[in-house]
Amino acid sequence: MAHDTECVWDVAEDRSVYIVEMPDHAGHARLMLLVDDLDAEVAAIASRGIEPDRVETYGDGVRKATYRDDDGNEFGFGGMPLE
């Protein structure tokens with residue numbers, strides 16, 4: 001569930017855009033996409049020589065791989081637990 005400084009828009013079935021307001025971090029981006037197969041996405045990115053800064057698993061089983069650039073921008077891929 002989004003908080004006062006967050007927005008979540010459902011753009012299609014099981015497809016959402018998440019935005020968080022961070023005024024003290026203005027000028028830097030944070031983006032996360034949910035994908036069907038997180039392991040395949042991370043492997044495809046790794047084949048280009050890029051590794052995530054961290055991989056997390058949340059209490060509901062959702063996983064997230066986070067990538068950062070030198071400017072502090074953050075790009076994440078999230079994956080729902082396999083059923």
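**Note on the aromatic residues and the nonpolar core**

1. Y67 and F77 are both buried. The model is a predicted one. For F77 the relative accessibility is 11%, and under 20% counts as buried.

2. These two residues also pair through their rings. The ring centres of Y67 and F77 are 6.2 Å apart and the planes stand at 85°, so this is an edge-to-face pair. Y67 belongs to strand β5 and F77 to strand β6 (residues 74–79), so the pair ties together parts ten residues apart in sequence.

3. F77 has another ring partner, F75. Here the centres are 5.0 Å apart, with 55° between the planes, and the pair is tilted.

4. Y67, F75 and F77 form one aromatic cluster.

5. Which residues make up the largest nonpolar core? There are seven: V35, L38, V42, I45, A65, Y67 and F77. Two elements, α1 (38–46) and β5 (63–68), each give two or more residues to this core. The helix α1 gives the most, with three residues. As a general point, nonpolar side chains in soluble globular proteins tend to be buried together.

6. V35 is a core member as well. Beyond its neighbours within four places in sequence, V35 is in contact with E41, F77, G78 and G79.

How values were computed:
Residues numbered from 1 in each chain as written. Predicted model: local features only at pLDDT ≥ 70, side-chain atom pairs only at ≥ 80, totals over all residues. Heavy atoms only, no water. Core = buried A, V, L, I, M, F, W, Y, C linked by side-chain atoms within 4.5 Å. Buried < 20%, exposed > 50% of the residue type's maximum accessible area, 1.4 Å probe, protein only. Helix = DSSP H or I, 4+ residues; strand = E, 2+ residues; numbered from the N terminus. Contact = heavy atoms within 4.5 Å. Phe/Tyr/Trp six-rings, centres within 6.5 Å; stacked < 30°, edge-to-face > 60°.
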